Amino acid sequence: MMHSRRVAVTGLGIVSPLGNNVTHTWEQLIQGRSGIAPIQQFDASQFPTRIAAEVKELPLPKPANKPERFAMSFTHFALQAAKEAIQDAGIKPTSETAKRWGVVVGSGMMTAEFEYLKRFQQTAAPSGEPDWQSLASQGNTFFNLSDFGKTTSNAGLNLLIQTFGIQGMATSVHTACASGGQALGLALQVIRRGEADCMLAGGFDSMINPLGLSSFCLLGALSTCNDQPQQASRPFDGARDGFVLGEGAAFLVLEEWQHAVRRGASIYAEFAGEGNSLSAYRITDSHPSGDGAIQAIKSALRDAQLSIENIDYVNAHGTSTKMNDLSETNAIKAVFGHRALTLPVSSTKSQTGHLIAAAGALEAALSVLSLKHGLLPKTANLTMPDPECDLDYIVDGPREVPIKAVLSNSFGFGGSNSCLVFTHPKKGASA
Amino acid sequence: MSHHPPVYITGLGLLTAAGHSPEANWQSLMNQTCHLKPISEYNLSNWACHLGGELHDFNPAKQLPDRKLLKVISRQDSFGLFAAYQAIEHSQLLVYRESLSDPEEFNDTTGIYVGSPGNKYLQQYDFLPLLAKTKHDMAAFADNLFSEVHPMWLLRILPNNVLAYTGIHAGFKGPNHNFANHAVGGMQALIEAFHAIKAGQIERAVVVAYDLGLDPQALFYYDKLGLLSPDGLRPFDTQNNGTILADGAAAIVLESQASAKARKARCFAELRGGASQTEASGLFGAEPEGQHLSNLIQQVIETTQLSMQDLAFIVAHGNGNKGSDNSEAQAISRLGLGPTKQPPTTAFKWSMGHTLVASGLVDTILATLALKNKRLPGIASLSQPNPAARSLNLSADTRPLTQGDAALIINRGFASMNACLAIKACAPELS
């Protein structure tokens with residue numbers, strides 16, 4: 001079905017372990033730098049995993065206005081990335097256009113800050129069990145509105161709504177590691193159906209805190225390659241031992257195509273299609289055959305009206321876990337058939353770590369930058385290929401290739417899959 | 001916007017303090033029974049506001065088909081799964097699928113859309129004994145982590161558990177979303193599922209919304225914000241002095257006309273459409289005059305091609321909070337009709353409490369039953385409408401529906417979110 005309203009990408013913003021803006025992140029990525037290092041935010045010295053991909057040198061500032069009272073470090077990442085995207089697009093909501101702007105965020109698990117949990121424990125659970133009478137009696141000293149505001153499920157969303165004065169469709173989605181991709185996919189649909197002309201869409205997350213790190217250590221999901229942090233994230237490599245937690249945010253300004261053309265906007269790419277599916281298999285594992293991911297990739301291609309011949313590069317989910325890497329490889333093989341072995345595929349998580357709810361948004365932004373620069377980032381640390389993972393993972397460094405269409409994959413705990421297709425704004429990619 | 005072919009509601013599931021089925025909730029409204037009582041699950045006896053809508057007699061171990069599942073989900077997830085399974089069974093979707101020689105396409109074109117509360121404070125209490133024991137020493141915390149905290153803790157608290165397990169239970173693999181946007185998340189899930197069907201992305205969807213309103217730490221903050229009533233939920237009354245939170249879940253099966261026709265499904269109502277917007281008035285604020293909400297309602301009436309004369313009634317959000325009730329009353333009053341022509345307006349939260357994320361779906365299901373039974377339950381706790389609500393067509397008693405065959409449902413949440421949708425009675429031959 002031909003979509004009557006096409007969608008352009010006209011602004012990008014990134015806060016990542018590689019840099020606190022788009023330019024720096026892209027340069028570091030292409031230079032093969034790693035954002036992974038020993039954890040600095042708290043004493044992780046006794047955890048099995050002591051490394052992560054942290055955002056550097058972006059401390060949470062003192063609130064500059066009322067909405068910022070409810071900001072936490074990762075919602076601050078969101079704000080910075082969204083500001084860059086809006087500035088980059090050269091357009092922002094006004095009182096006349098506010099209702100034609102929407103915002104969709106893929107947000108992390110809004111768990112309370114660890115310092116807050118410690119305060120609560122001291123006040124209301126000194127023995128380890130909550131005592132509600134005690135909370136009531138000490139209520140006035142414990143109460144701080146900011147604590148509640150920060151931990152409300154849509155606090156990050158609200159920060160963006162108020163900062164930019166958006167008055168249209170606004171929502172926050174969470175499907176674990178597919179959140180950022182699904183947020184972009186939903187924003188695409190909102191513009192297509194005519195409910196908005198411009199959407200701010202992306203994701204933000206950080207689970208690099210004692211609770212987040214604990215939760216993944218308990219599951220045994222993280223790499224324990226503590227002595228060589230830069231080599232810890234090894235997607236598709238035979239020696240991989242888990243993923244590396246990352247943090248950050250990425251936002252895209254999406255705009256109805258004619259709206260962008262009329263104002264002479266600089267268009268990075270066409271957001272040509274999205275595929276969204278559920279694996280319905282297991283909570284943490286993808287189906288080894290790629291089932292679920294296969295439907296999402298096929299559906300994204302169909303939505304973009306492209307064939308397998310049109311895709312020039314796949315930015316893989318590539319988490320550096322055995323199950324994901326195998327499942328994704330098999331999904332690519334199942335969809336792309338004869339093309340699979342020569343189709344360039346890479347996982348930028350090898351350098352950025354896994355930004356969880358923000359991963360899909362960051363990788364969408366990096367995919368758009370690949371289109372713009374004609375440069376495909378490599379998969380770092382792939383030195384001992386897993387025999388079952390035998391695609392062209394771009395191990396030979398960034399590859400300069402003129403490309404017309406890219407596919408960006410995100411698959412989450414719980415089985416939600418999101419695949420996005422971006423095409424070059426001038427070269428197109430006809431089926 | 002075209003509204004043909006229509007989208008039908010073909011299955012319902014409901015779990016609130018008023019009962020464990022749509023019929024039980026409906027009967028409770030007919031009997032004018034209020035289920036808001038002192039909370040018994042926690043010792044809140046010295047709290048000024050200690051009323052709630054508890055799910056008495058709900059035992060997930062007995063009421064969910066898989067007891068083992070309880071080890072890897074949170075209590076609120078069990079509410080959502082109960083409602084989802086009930087709606088799926090009510091719709092007879094699985095019975096029909098069994099008759100198909102190849103169910104794959106059916107599964108791939110069945111979506112799951114969820115309104116999720118995100119994370120609750122209660123979910124972090126597994127860490128309180130560890131914090132108490134280690135006195136906040138990070139090294140000791142890490143050393144004792146594996147002996148003190150359940151290894152599956154992260155999986156238990158995933159905000160998309162209901163989405164994932166509904167998919168695994170039923171085998172549905174289509175597009176999916178999980179909205180964590182405070183109280184409007186459920187209604188946004190319903191609206192997006194509607195759009196996905198209209199856009200041809202899916203043929204049918206299971207829409208679920210659930211919440212655990214009775215989280216004492218959250219109740220503490222709601223109380224401090226002045227949002228809770230110590231003695232009753234009285235929407236639009238001169239004595240309205242706050243809301244009363246509740247546990248609950250609701251689920252709706254939506255189908256395209258083609259899907260419903262193919263399996264001769266029973267139609268409970270037609271979903272005409274809906275929309276959601278933010279006022280950008282703050283995380284906890286709402287525009288006092290209700291202008292934004294009024295505009296949204298008007299927009300929904302227009303885009304669903306209904307007229308005011310088509311409206312049999314309006315179900316207001318009516319949460320009993322003075323600020324919210326007053327702005328909502330002004331928004332409804334502003335629809336352009338004099339008091340004598342105002343459609344009958346009601347609200348249901350006085351009976352089972354404010355189920356937050358679930359509330360939009362709870363109200364939609366009860367509105368569906370009102371259209372079907374041609375009777376509109378009143379606001380039993382209403383004695384004297386407050387001045388802002390005097391132009392509304394309110395009643396404490398059940399009224400027969402004599403005019404119109406459509407209804408509007410209004411839903412509101414933090415981040416100054418408003419949502420509104422329209423339903424219409426089914427043609428007699430489909431009911």
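The following questions and answers concern a predicted model with chains A and B.

User: Which residues touch the most other members of the largest nonpolar core?

Analyst: The largest nonpolar core of this predicted model holds 258 residues. Apart from that core lies another, of 29 residues, which includes Ala304(A) and Cys419(A). Within the largest core, the residues that touch the most other members are Phe251(A), Leu254(A), Phe422(A) and Leu254(B).

User: Which phenylalanine does Leu254(A) touch, not counting residues up to four places away in sequence?

Analyst: Leu254(A) is one of the residues that touch the most other members of the largest core. With residues up to four places away in sequence left out, its partners include Val7(A), Leu184(A), Ile191(A) and Met199(A). The list also holds Asp197(A) and Cys198(A). The phenylalanine among these partners is Phe271(A).

User: Is Ser206(A) buried or exposed?

Analyst: Ser206(A) is found in strand 6 of chain A, which spans residues 198-206. A residue counts as buried under 20% relative accessible area. Because the relative accessible area of Ser206(A) is 10%, the residue is buried.

User: Which side chain joins that of Ser206(A) in a polar contact of 2.6 Å?

Analyst: Leaving aside neighbours within four places in sequence, Ser206(A) is in contact with Phe74(A), Phe77(A) and Glu247(A). A polar atom of the Ser206(A) side chain also lies 3.2 Å from the backbone nitrogen of Ile208(A). The side chain that joins that of Ser206(A) at 2.6 Å belongs to Glu247(A).

User: What area is buried between chain A and chain B?

Analyst: The contact takes 86 residues from chain A and 82 residues from chain B. In chain A, the residues that lose the most area to chain B are Trp132(A), Phe148(A) and Leu218(A), together 11% of what that side buries. Carbon and sulfur atoms give 65% of the buried area, which is about 7,200 Å².

User: How far apart are the closest N and O atoms in the salt bridge of Glu192(B) with Arg193(A)?

Analyst: Between chain A and chain B the count is two salt bridges. Glu192(B) forms a salt bridge with Arg193(A), and the closest N and O atoms lie apart by 2.7 Å.

User: Which helix gives the largest share of the side of chain A that touches chain B?

Analyst: Between the two chains, 29 residue pairs are in polar contact. The residues of the side of chain A that touches chain B divide into 43 nonpolar, 34 polar and nine charged. The largest share of that side, eight residues, comes from residues 210-219 of chain A, namely helix 9.

Key. Residues are numbered from 1 along each chain as its sequence is written. Chains are lettered from A and ligands numbered from 1 in the order in which they are written. This is a predicted model: local features need pLDDT of at least 70, side-chain atom pairs count only at pLDDT 80 or more; totals for chains, interfaces and linings use all residues. Side-chain values use heavy atoms; hydrogens and water are left out. A nonpolar core is a set of buried Ala, Val, Leu, Ile, Met, Phe, Trp, Tyr and Cys residues joined through side-chain atoms within 4.5 Å. Buried means under 20% relative accessible area, exposed over 50%, partly exposed in between (1.4 Å probe, protein chains only). Contact means heavy atoms within 4.5 Å. Helices (H or I, at least four residues) and strands (E, at least two) are DSSP runs, numbered from the N terminus. A polar contact is a pair of N or O atoms within 3.5 Å; within protein, one must be able to donate a hydrogen and the other to accept it, and residues adjacent in sequence count only if both atoms are side-chain atoms. Buried area is the accessible area (1.4 Å probe) that two parts lose on being put together, summed over both. A salt bridge is a side-chain nitrogen of Lys or Arg within 4 Å of a carboxyl oxygen of Asp or Glu. Ala, Val, Leu, Ile, Met, Phe, Trp, Tyr, Cys and Pro count as nonpolar, Asp, Glu, Lys and Arg as charged, and the others, Gly among them, as polar.
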